[in-house]
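The exercises below ask you to work through a structure from its overall build down to single residues. Please try each task with the model open before you read the solution.

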Amino acid sequence: MLGLEMGLARIIGAVTFAVVIGLVMSFIFRKEERDKEVEQMNIVPPPEKRPLWQTAVFFFTLVAILVFANWGAPAAIDRGIWAAIYNAKWWITSALAIALCVILVKILHLKARWIILGAIAVAISAFLANVFIPDAKLAPLVPMVVSVVVLAIVLLCDKNDDENREWALSSWGFAKLILPLLAVGVLTAGFLLGSTHDGIELPGIIPNSWVEWAVGGNSLLSNFFASFTGAFMYFATLTEVPIIQGLLASGMGKGPALALLLAGPSLSLPNMLVIRSVMGTKKTVIYVALVIVMATISGWVYGYFF
């Protein structure tokens with residue numbers, strides 16, 4: 001949608017960001033890192049509970065379920081593999097869910113009868129949702145919610161392995177920590193800059209015309225404005241692409257477009273709030289500043305050559 005040059009520049013920029021910002025943060029907080037390293041040297045690592053490949057398969061299955069359950073509809077003219085995957089997304093998700101059940105029994109050593117009963121409850125909820133909920137987008141939410149509740153109950157009731165119980169409690173702890181901050185951040189970002197989702201555009205109190213006027217050309221100021229604005233704006237996955245495509249059509253420079261592409265998905269107001277709760281204010285401020293500065297410079301260099 002944005003061209004090969006922009007795509008390659010974003011890939012190179014994102015990888016470079018990760019390396020450079022990591023090194024700079026490590027250098028700035030080198031004393032703290034040295035103290036942490038000394039402490040880690042005195043920590044006796046616990047014995048390996050399971051092979052690494054089992055943990056990798058477990059997490060891969062969880063991620064794959066999220067990927068296919070949220071697989072978006074392809075373009076109307078697409079009749080290839082992406083359309084085929086979309087049409088079969090719930091069959092693929094169901095197969096992965098069955099694989100997860102096997103993993104829960106074989107790797108996490110949960111009782112098979114609990115998992116079987118939980119799977120039956122999820123299957124019944126899926127059937128009832130398809131019967132009583134006509135909206136095809138809302139119906140899958142019912143078995144997904146039931147599966148999460150069932151899994152949580154099974155994990156909390158497992159008395160044979162404290163790690164399984166800790167998984168459920170840690171997930172709930174992170175949810176309580178992140179969701180309120182995420183809600184406040186999304187509301188604030190949406191109020192200021194608007195939102196685009198499922199083809200619906202909701203304008204914010206800052207008019208788009210102001211933003212388009214501010215990020216034209218390829219000056220350092222326009223690149224900084226794009227990266228600064230993008231850093232505070234919330235983008236749902238890939239929604240930054242049609243937004244930037246529209247801004248480019250309205251006169252946005254390629255440099256500021258790349259700056260927004262790099263800073264926007266890397267940061268957002270809810271993202272900053274969550275990072276601050278984990279890393280602290282000082283580290284968060286330095287991290288945000290590094291992202292904005294690097295996005296500005298990257299956009300300016302890209303705009304100079306292209």
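A residue is called buried when its relative accessible area is under 20%, exposed when it is over 50%, and partly exposed in between, with a 1.4 Å probe and protein chains only. The model is predicted, so that local features need a pLDDT of at least 70 and side-chain atom pairs count only at pLDDT 80 or more, while totals for chains, interfaces and linings use all residues. Residues are numbered from 1 along each chain as its sequence is written, and side-chain values use heavy atoms, with hydrogens and water left out.

**Exercise 1. Describe the chain as a whole: how many helices and strands does the protein chain have, and what percentage of its residues count as buried?**

Step 1. Helices (H or I, at least four residues) and strands (E, at least two) are DSSP runs numbered from the N terminus, and the protein chain has 14 helices and two strands.

Step 2. The C-alpha atoms occupy a box of roughly 65 × 60 × 35 Å along the principal axes, and 31% of the 306 residues count as buried.

Step 3. Accessible areas come from the Shrake-Rupley method with a 1.4 Å probe, and for residues only the protein chains shown count as cover. The protein chain exposes about 19,400 Å², of which carbon and sulfur atoms supply 72%.

Step 4. With contact taken as heavy atoms within 4.5 Å, 71% of the contacts between residues at least 6 apart in sequence join residues at least 24 apart.

**Exercise 2. Find the salt bridges and say which parts of the chain they link.**

Step 1. A salt bridge needs a side-chain nitrogen of Lys or Arg within 4 Å of a carboxyl oxygen of Asp or Glu, and the structure holds two of them.

Step 2. One joins the side chains of glutamate 32 and lysine 283, with 2.6 Å from N to O. This pair links distant parts of the chain, since glutamate 32 is in helix H2 (residues 30–41) and lysine 283 in helix H14, 251 residues apart.

Step 3. Glutamate 32 is partly exposed because its relative accessible area is 36%, whereas lysine 283, at 14%, is buried.

Step 4. Another joins glutamate 163 and arginine 50 at 3.0 Å, N to O.

**Exercise 3. Which residues touch the most other members of the largest nonpolar core?**

Step 1. A nonpolar core is a set of buried Ala, Val, Leu, Ile, Met, Phe, Trp, Tyr and Cys residues joined through side-chain atoms within 4.5 Å.

Step 2. The largest such core has 32 residues, and Phe17, Ile21, Met252 and Leu260 touch the most other members. At least two residues each come from H1, H10 (220–232), H11 (240–249), H12 (254–266) and H14 (281–305), with H14 giving the most, namely eight.

Step 3. Apart from its neighbours within four places in sequence, leucine 260 is in contact with Ala226, Gly230, Phe235, Ile244, Leu247, Met252 and Pro265.

Step 4. A second, separate core of 16 residues includes Ile103, Leu104, Leu108 and Val150.

**Exercise 4. Is asparagine 223 buried or exposed, and what does its side chain reach?**

Step 1. Asparagine 223 is found in helix H10, and because its relative accessibility is 0% it counts as buried.

Step 2. Its side chain reaches the backbone nitrogen of tryptophan 300 at 3.3 Å, and a polar atom of that side chain lies 2.8 Å from the backbone oxygen of serine 219.

Step 3. Leaving out residues up to four places away in sequence, asparagine 223 touches Asn218, Gly255, Pro256, Ala259, Thr296, Gly299 and Trp300.

**Exercise 5. Where does histidine 109 lie, and is it buried or exposed?**

Step 1. Histidine 109 lies in the loop between helix H5 (89–106) and helix H6 (112–132), and with a relative accessible area of 56% this residue is exposed.

Step 2. Although histidine 109 is not a glycine, its phi is positive, at about 60 degrees.

Key. Polar contact = N/O pair within 3.5 Å; in protein donor to acceptor, adjacent residues only side chain to side chain.
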